[in-house]
Amino acid sequence: MELTYGALRTMSDAVVRRIRRLVLSGEILVKPGDLIDPETVIGYNTSEECLHFLRLDLDEDRLLAKPLKQVGDEVKRGEPVAYYMYFFGLGYREYVSPVNGTIVSLDTANGLLGIREHPVMVKSGVYGKVDSVVPGHSVSVLSRGAWIEGTVGWGGQAHGELAVLASSAGEALDPSRLGPHCRGKIVVAGGYAGERTLLAAYRHGAAGLVAGGVDRLAGDEFWALSAGMTYEEYASRFYSAGQEAQVADAGLDRVLMPVLALDGAGNVPMRAEAFELLKANDGRVACLDGAEPGGRDNGRPELLISLPWEDTSSGAVPGAGREPEPDQVSFGIVQGLRVRVIGGPYHGRTGQVVGEAPGEMVLETGLHVLGVQVALDTGQTVGVPLANLEAVRSGP
Amino acid sequence: MGRKTIVAINCGQAVTQVSLFESTGISLSLIGQATTPTTAGAAGGLAVGVRAALAVLERRLGVRLMDDSGLPLEDTGPNAACSWILTADSGGPIRVAVAGVIDDISGQSAMKATYGAGAAVSDLLAINDGRAYYHKIRDLRQNPVDMIVLAGGVDEGLFAGGGGRQVVNMASTIAQARPRPRYDPGAAIPLVFAGSAEARTEVSESLAGAAEVVYADNVRPDLSFENLAGVERAVLDVFHSKVVPNSPAFRSLAPYAKQVPPQPTGAAEGTTLTVLAGAWKEDLLAVDLGEVSTSVFTVIDGVLNRTGSDEVGLNMIDAGSVAGLVDAAECWIPVEMGREEIANTYSVQRVRPGAIPVTWRELLVQQAAARERLRLALDGHRRLVALLMGIRRQRNIDEVLGSYVAVGGQTLVDLRRINKMVITGRLVASATSPGQVASMVIDGFQPQGITQLLYDKSNLLPHLGPIAELDSSLAAQMLADDWLTPLGLVVAPAARQHGQFFSPRYGQRMAKVRIERQDGGEIRETVDYGTIKRIPLEKGEVVRVTLWGDRLRNLEDGQEFGGGGFLRTVSGGGALGVILDGRGRPIMMPQNPARRRSRVAAWLGALETYPEDLLKAAVRGEGS
């Protein structure tokens, strides 16, 4: 039997296993069997190796800059720690702390001021049960709930309340509908999000954004912008403290907003089952992972709307205790299989395999390939190469 | 001699290919092939895809290769011995982080050896890599790898004078990070230490409890000497002893690799190419252009070099560089297409590498991007395959005066000396005409001089290396049987040197060519600046091509010749005949988009790459 190239899953009730790693060496605070929620701190990155240095102005062996803090003082990110006034007060330079931490050294001979960063906590982002722990390294969490796989992602992980602002799967959300009410939330922007929508969500402090399609270049440019956006720059540019709390928690020195394109790059409509599931879960806490598909962790971007584990493991919910979903699956191509078309004029459309066994077809380019007939949801029946099909799995 | 059947399996990053060969001792023939999607993350591991491909092959050929439970049959018929060969692609089986003391010295040597073992290098850590200590730790933890290769320090006198601590410091950094292997997050990571023998004790103490240390010969026992074989062996040993038995994806493949241990695809291809270069007695350059990874091989003076770039490698195409790739690809597209369309089409191909371009526009984008991928891959290869750095040497007067500096690092890959280029990979297999394959390679690699292009149409290169190891008589057979299809003979006069030899005027004669045919006939042609001409040949015909130039550089040694200088005579042929490429090196494009499209269309048209009506649109665009 011929197989599909993977599957795109939209599950209303799935069990998944996810790894949460400490960025640096540190201490894990949870143990196997612990029940966790999105705000649970699973561990701290220790600060032993996180030393940041500022080089203050020197003249020969005399320190020109005047320190405002002493060794042992606590400093906050962006807080001035020293200044240098020169040319009769007409010139002024300020040195600000790049992190939240403690001043641990000041070497007046070479002007180096050392700041040790405070331990940074790592939150789980999901409800679930701790499955296993690798001390000082990572935690494996079993989580259960709605799970929507995406196609393209940018910008790491974030969690927040889901805010479905689009009224239909095909709607491209107008940027003017984004405002301060998006702060800290994961915004569902409908079928398509352009550059303006991404920037509007970012400036209003959204925690993440989900859309059917996002232009590849717009997504890349936005990611490049946010990856270089320091906390101070963000605050001064957007006059907003929207992401202050989130940034401080994660210990990041950049203000990020993960973006997830559920169905591909460009103007690709969001699949109906995904939008229905998002609408049904409006207001619940979701964890958005904007991983680059097939990247270093071989992961794919996703949205996980988990439920408290104690609810899901009780007898009231059927299927409790089942095995987690595998990371990637292939399905046999059989009649009736629900599929999604990749590439070509019907890119992103969903439908069902009809007809008998795969047969040879000739593409516009002259290539002879094996293909099947697919009855699209739009009513057309078209021939699609087997290599351009992926299974769409939805339901519980 | 009895009939022997060989089942060769290659688990690529997107596609698993199974090929059935038959050998009677005097001949090796390909009976059939089947491909299915690679099922790396599926519950049953890679074996799910392998079994599906074998089932397709069984159905097509009417043979029986598996028993009812899907396990391989030793024999496929009466009196038949059946061998099973398994290879797996670079991004899949071995992912390695390399650490050295200085990136251009020990780091580079360790990286070369790691690539040589067929692995993918995901990171290069060094004292001078510009990253803070804690950033190194962060990167090691965030990018899971299968093993680490650590090198640094010479074998004798490392700690003389109180120095030589850097390699121990690097080991401490790794110990702080406590990275976990990708295949088993609960285990300690294997670390191949290929550094100073004097530092072994201290390194092993630093890494106690954090890594499982395996020792290999020092990759740079002396600054002037490089020893790669030990590390290559050690990396493969760790792959066989740790990765294969413990990786969920590979465990399921054990029954298919009973007779011959599984090999990384890159290493298997390297074996094939070494055999080929030895038989041809020539330097060669080869490329495996996969859906997501590009491996470049050279065999120079009998020494095999390999580099790879893929989505996990050092040359990975990240979000930022997609824009650069799109800009570069746009130059090679002969029809009007916006950057967004190119980027979105390319993105689909990146996310779903197994998908086939369905329309001409998709194929144009894929092949235009492939040109840039090839260029980047060759650049990376040239940087790595270079004279050793760090050698203490006497400077000559030119260097002292500052007009010339040579401290190592000059590349050993000189395209003027490469007479043969071999092209393989899934991406070229999906090309619909020989012209598409040839134009991708000519534009991407920009060969110089006279170069024979050879094309591995059935993607057999990964299989043939292990077959040659299995039975050396089959290797000779493989060469005699012309497994590689000749594409054409590219005649590209020497590199255009800045400020030298001629002003680039479109249509100006660069060189004269004489083509002597097998039937005694002769063709005389000119290579004109900015144009491509194609001289078709009969099927299987081999010709002798001689090139003269007026104001060119000698292809052999770089010395300039006077008028009428004789350059070189080479024999060859292929499906496309002789290709006279007069575009100079590097290829210059008109700035005006319409003129550029028209020029590219003319080049592509000369190689019969795409349909005429598609290319005519570009020419019409220039008129408007």
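Guide: Let's start at Asp131(A), which sits in strand β15, residues 128–134 of chain A. Keep in mind as we go that this is a predicted model.

If you skip the residues within four places of it in sequence, Asp131(A) is in contact with Arg17(A), Pro32(A), Ser140(A), Val141(A) and Leu142(A). For a sense of reach, take Ile103(A): it is 28 residues away along the chain, and its C-alpha atom is separated from that of Asp131(A) by 38 Å.

Now step back to the chain around our residue. Chain A has six helices and 29 strands, and 48% of its 396 residues count as buried. Look at the contacts in chain A between residues at least 6 apart in sequence: 64% of them join residues at least 24 apart.

One is an open sheet of three strands in chain A, in the order β2-β4-β14, and its pairing is antiparallel. The edges belong to β2 (26–28) and β14 (120–123) of chain A; each has a single partner strand, so one side of each has no neighbour in the sheet. From one strand to the next, the twist averages 25°. Zoom in on β2(A) and you'll find it paired with β4, residues 41–45 of chain A, through three bridges in the antiparallel sense.

Next, a pair of helices. Helix α1 (residues 195–203) and helix α2 (residues 216–227), both of chain A, pack at an angle of about 25° with their axes 9 Å apart. That angle makes α1(A) roughly parallel to α2(A), and their crossing is right-handed. Which residues meet there? From α1(A) come Glu195(A), Leu198(A), Leu199(A) and Tyr202(A), and from α2(A) come Ala218(A), Phe222(A) and Ser226(A). Sorted by class, the residues of this contact are five nonpolar, one polar and one charged.

Hold on to α2(A), as it leads us to the other chain. Across the interface, 53 residues of chain A are in contact with 51 residues of chain B. On the chain A side, the elements that give two or more residues are β1 (7–21), β17 (152–154), α2 and β22 (259–265) of chain A. Of these, α2(A) gives the most, with five residues. By class, the side of chain A that touches chain B has 24 nonpolar, 19 polar and ten charged residues.

So what is chain B like? It has 18 helices and 22 strands, and 54% of its 624 residues count as buried. Of the contacts in chain B with a separation of 6 or more, 70% come from residues 24 or more positions apart.

Two places in chain B are worth a stop. One is helix α15, residues 461–470 of chain B, where eight of the ten residues are buried, so the helix is largely enclosed by the rest of the structure. The buried residues of α15(B) are Leu461(B), Pro462(B), His463(B), Leu464(B), Gly465(B), Pro466(B), Ile467(B) and Ala468(B).

The other stop is a hairpin. Strands β17 (residues 509–516) and β18 (residues 522–528) of chain B run antiparallel and are joined by seven bridges. Ile515(B) has Ile523(B) in β18(B) as its bridge partner. Five residues lie between the strands of this hairpin, and Gly520(B) takes a positive phi near 95°.

Key:
Residues numbered from 1 in each chain as written. Chains lettered and ligands numbered in written order. Predicted model: local features only at pLDDT ≥ 70, side-chain atom pairs only at ≥ 80, totals over all residues. Pairing = 2+ DSSP bridges. Helix = DSSP H or I, 4+ residues; strand = E, 2+ residues; numbered from the N terminus. Axes fitted to C-alpha atoms, helices over the stretch in contact; angles between N-to-C directions. Parallel < 35°, antiparallel > 145°, perpendicular 65-115°, else oblique. Left-handed = near helix turned anticlockwise from the far one by under 90°. Contact = placed C-beta atoms within 7 Å. Nonpolar A, V, L, I, M, F, W, Y, C, P; charged D, E, K, R; others polar. Buried ≥ 20, exposed ≤ 12 C-beta atoms within 10 Å, placed from the backbone.
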